[in-house]
Structures are given as C-alpha cells and as structure tokens.
Amino acid sequence: MTQQTILLVEDNVDDVELARHGFKHMGVDCHIEVASDGELALDYLHGETSDKPALVLLDINLPGMSGFEVLKRVRENETTRRIPVIILSSSDEASDITRGYNLGANSYLCKSVELFEFRKILENLGLYWLETNISAPH
Amino acid sequence: MILPPDSPFQPKPSNSTSQLRAHSASWLSSRRGIAQRLLVLILFFSSVITLIATAVQLYIDYSQEISVIEHRLDDIESSYMGSLSASLWNMDIDQLTLQMLGMKGLPDIQAVEIYENNELIETPLQLTAGSRRDEAIISRHLPIFRTAGNEKRQLGTLYIEASLEKVYQRLTNKALVILFSQGIKTFLVSLFILLVFYWLVTRHLMSIAQFFSTVDLRHRYKYFALQRSAQSNDDELSTVVSAFNDMCFKLQDTYSELQSVNVELEKDIEARHRAERKVKQLNDKLEQRVSWRTAELEAANKELAAFCYSVSHDLRAPVRRIQGFKRILEEEYASQFDASGRHYLARIEVGTKEMSDMIDSFLRLSRSTSAELSIETVDLSLLAKGVERRIREKDADRIVNVEIKDTMPVEGDKRLLEVVLVNLIENAWKYTQRRTNAEIKVGSSQINNETVYYVEDNGAGFDMTLAVNLFTPFQRFHKAEEFDGTGIGLATVQRIVSRHGGRIWADATVDRGAIFYFTLWERGRV
C-alpha cells in the first residue's frame, strides 16, 4: 500500500515538531506534509496532484486566513469535500467546538499541556483514520 | 387678617324687622317656647291660689250666715217663748196662730209648729205654720215651760225651722262671681305676662339666634346689638350678647390665624412638591447615568473577559511546548543525565505545571467575572456531594470524613456555584492533608436572620492576622511544597459570591482548622 499522507496545517514550528514526534510514536507509516498557513494548505489541497491526503490536521490559530475559513473552503470544494479534517486547537471553548462541527469538521482535539496525553490521542487518531477507516475515494 | 377687639361699632341689625315678625309668628305657634311654659305654670299656680282663697272666703261667709240664723233663732227663743207659754196655758189658739205667723214671717223661717205636751191629754194640740222640709234646714225643738210658783212644767214644744236655701243660693252666686272674675283677671294677667316676656326676652333671643345663625367668620365680623333702649343694657341678655360678640371676635381671630397657618402650610406643601419633583428629576438623571455606567461596565467587562481569554490561550501554547520538549528530553536523553540533570528537569516540570495551573485558574476567574448568570434553583448539597465524589475518585487513598447538610436550595448559576464549592472543598481537602482524622463539614445556619453557608475543616488553618489579603489573587499562606494551589481560587470564589449578591469571609485558627462562610442575595435578588 502506498504511503499515506497526513496534511498538518500549523504555523508554529515547535508545535509541528511536537506533532511529528507524536506521529513517530504512532507506529503508522505515513508521510507528514506541513503547511504553515491557510493559503498554502489550500494550494496543496486543491493543487493538480491527484494524491489527496488521507487526513488533515487543522490548527485554528493561523496567520492570515483562520482555520475555520480553511475548513469552510475545503468543504466547499468538490475534490476535497470528503477528506477527513480534524481540528487541533488549544481552545476548549464550547463555542469553538460547535463552530468546528458546524463547518464540517470530523473531529475536534484539544492540544493539551501534557505531551503524553497528546501522543496517546495522535496514536488513537492514526490507528483509526489511517488503519481502520476506509477513506472515501476522491 | 386679625380684627382688633374694639373695632368700629356698627349697630346695624343683621336682619330686617319683617324677618323678626316672621320669627315671632313662628314662635307663637311653637309648642315648646319658654313663654308658653311660663304661661302654663303661672296659670296653674294662679288658679290654685285662687281656688284656695275662694274656698276660704266662701267658708267664712257660710259660717257667718249660719251664725246669723242661729242668732235669729236665739232671739226668737228669748222673745217669743214667754208669750207663747201664756198663750198655750190659756189655750188661746188665735193668739198662738198669730204668734206663729209672726215667727214665720221672720226672714228665713219656713216652718213653725207647736205641740202640746201629750202626757195627760188624749188629743194634744198641734198647730203648724208653713211647711217642713227635711233638707237644708236649721231646726230647733224648744220646750215651752210654765212656771207656777216653784214648779216648772213643760206645756209643749215649739219646733222652728229655718231654711238654708237662700244661704246656699247666695253662696253659690258669690262663688260663681268670684270664679268668673278671678278667671278673667288671671287670663288678662297671663296675657300681659306673655306679652311682656315676649317684649323683654323672647324677641331678643330670636334676634340673637337669627343673627348668630347667619354669622360667617370668613367675612369681617360685625358687632351685634339688641334693638332696645340703651338703659336696659345691664341685664342677662346684654351679658349673653356681649359674650357672643366676644366669642365671635375670638373665633374670627382664631379663624384668621388658621387661615394664615393654612397659607403657610400650602406654601410649605408647594415647596415640598417642588423639592419632590426636583428629587425625582435628579433620580431620573441618576438612574439614566447608572444605566449608562452599567452598560459601559458590562461592555468593559466583556472586553476584559475577551482579553483574559485570548491572553490565557496565548499563554498556554508556549507552556505546552516547553512541557512537550521537556518530556521528549526526559524520554530520549534521561539516561544521559546525571542526578543534577534529572533534578533540573524535575524543576522545569514543577514550574511549567504551576504556570499551567495558574493559567487555568486565571481563565476560570475571568470566566466567572464575565459570564452571564443563568439563575436557577440549585441544591448546594447535591453539588457538594458531586464535588466530594470527584475528589475521592482522584484521591482515593485518603480517609476523610465529609458531612454535607441534607438539602440546601439556593438561587444561582449552577456552574459558577459549583466552582465555589470545588474551590472551597478542594482547599479543605488539601489543608487537612496532614490530619489523620480529617473532617470536612458543608452546611448552612441562620445567623442574625440570614442564611449563611459554610465549609469547615479541621486542617492546618491559618493566621487570621494575615488574612487581609485572603481573597486577593496570588496570595498564599503556606509554603508551596506543603500545599498545592495557585492562589487564584479564593479570588474566583469571592468574585462569584459577590456576583450572587453575597459576601464571603473566613474564620481560622492555626493548626485547628478553618471555616469559610458565605451568603447569597443579601439585599434580595436584583
């Protein structure tokens, strides 16, 4: 099976590194593609490459276009409409969570302070979305 | 306007004479006038006296007349008896008849009879002149004696009868005349008295009544005087009139005073009304200002809340990263660290944990300040029991005796009240760490007519003299290693309690324990 790609939309390099570290421990073979802002993420998603990522991890707190806006565009675009998008946020405010789901997110994760917890989440995430779940064909 | 007592004398009568006459006419027909009663009494008394006098007079006359007749009879006796005796002895019937007629001719004598003594004679002589009657008479039986030598022999009896009819007649006429004349006299006198009384008293009384019944003290009082000659100005009526006049003047003065007081009062009331209106105006302005300020405050609060929120979130991210990298460091390079290195790592752990907790508390504090209260009926007991359960789950090893009052219903925001209880109970839980017989009590009691809720523990307590800043954020009483705690908790609790219109205070003794009291809605729900 070809290596699956996860698109990580995150602007902070430290957070990216921590996420990569988390994925490493996940035990699932995948390629992590990083986009540091909304524009770049959309370019990648809506670009010519027919390979769409199996999963998008989306930070809300982005420079320029907000994560919610990105989510909205992704859901509007026919080619990317069905890609699973998981929101990664430091906020646990009910309003943000509701907004995320309303805009079509598949899941909402809170970036907790405790790294081990975060790793556990990512592990479960990977196991589910990459191993167990069968993505829709694009 | 107060009139001087000796105001100009105005002897004008306050009513016309025709009115007076009308009144006197009505007076005459009234049934209870004084004159009427006077008349009746006088008549009665006069009649009684008259009757007595007349009776006495008549009786005297009667006695006199009787005695006249008695005298007459005595005279007859003394004058006729001798000759009668001689005539009878001689049996001279003509003489006897003559004498009898002579006697009968005397005034008032109506019957004379002579009877011969019938002892020795078979047919006694009986001579009569006139006719007897049985009533209204005075009669005498006179014995006729013949004296011969020493012997006195009764020859017969003379019966003589005088009629009292004429006497009675005369007396009756006299009585009638007297009564009639007395009657006329009494009537005339009474009439006179009536008229005099009217002239002297009653008409003046009526004019007084008339005048004073129409007195209106709102207008200037006019002196009242009776219509009569000045000479009769010292009697009871003038006393009454001057008393009334005085009274009216006094009343007028009083009335004027009252009037002026009234005017003052009205001015007062007007002033008070003006003041009230002013106060209302100010009040309205104040209320408006208050509502502006409240709106401003709310807006400021919201801004602050938003600010706190974004700051907290922004602060969290770096903390998370520090923690994350430290973990990786620990994991992957721990073997390369010596004891010092591991110690430093541990210190980093503690620092970041503290930072993280503080941010969480801060976030909670700002939420409690800004969030809108959604008031409902909440049972503090249920909340407290839930908190206790969660604490026990996290810290199952400890043995703590927790007593929670059965039911404590209050009005408030459930989420925020839970924060209060979490803070207070967690504090109590922490501060009784070192006790083997740790006890925590949650309840309520009535102090000074208000309900006061409390969370009590028998833990380490604290020094009350240092308690000034108990509810200020970031103050702590024990060294950090002894007890966890960010120091924000109580500030949050105070904020929440105060938003529920209550107060919170504490009472503690070092090494004995602490009680945290709080009230809700002290001045009623807003």
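# Chat about salt bridges and strands

Me: Is Arg503(B) buried, exposed or partly exposed?
Reply: Arg503(B) counts as partly exposed, because its relative accessibility is 39%. Buried means under 20% relative accessible area, exposed over 50%, and partly exposed in between, using a 1.4 Å probe and protein chains only.

Me: What sort of model is this, and how are things numbered?
Reply: It's a predicted model, where local features need pLDDT of at least 70, side-chain atom pairs count only at pLDDT 80 or more, and totals for chains, interfaces and linings use all residues. Residues are numbered from 1 along each chain as its sequence is written, chains are lettered from A and ligands numbered from 1 in the order in which they are written, and side-chain values use heavy atoms, with hydrogens and water left out.

Me: Back to Arg503(B): which residue does it form a salt bridge with?
Reply: Glu450(B), with the closest N and O atoms 3.4 Å apart. The rule for a salt bridge is a side-chain nitrogen of Lys or Arg within 4 Å of a carboxyl oxygen of Asp or Glu.

Me: How many salt bridges over all chains?
Reply: The count comes to 32 by this rule. Three of them cross the interface of chain A and chain B, and one joins Arg320(B) to Asp15(A) at 3.0 Å, N to O.

Me: How much area do chain A and chain B bury between them?
Reply: About 1600 Å², 52% of it on carbon and sulfur atoms. That's the accessible area (1.4 Å probe) two parts lose on being put together, summed over both. In chain A, Leu18(A), Glu93(A) and Val113(A) lose the most area to chain B, together 32% of what that side buries. The contact (heavy atoms within 4.5 Å) takes 20 residues from chain A and 16 residues from chain B.

Me: New topic: which strands pair with strand 1 of chain A?
Reply: Strand 2 (residues 30-35) runs parallel to it, joined by six bridges, and strand 3 (residues 55-59) pairs in the parallel sense over four bridges. Pairing needs at least two DSSP bridges between two strands. Thr5(A) stands opposite His31(A) in strand 2, while Leu8(A) stands opposite Leu57(A) in strand 3.

Me: Are the faces of strand 1 of chain A covered or open?
Reply: Both are covered: Gln4(A), Ile6(A) and Leu8(A) on one side and Thr5(A), Leu7(A) and Val9(A) on the other are all buried. In a regular strand, side chains alternate between the two faces of the sheet.

Me: And chain B, how many helices and strands?
Reply: Nine helices and 11 strands. Of its 526 residues, 35% count as buried.

Terms used: Helix = DSSP H or I, 4+ residues; strand = E, 2+ residues; numbered from the N terminus.
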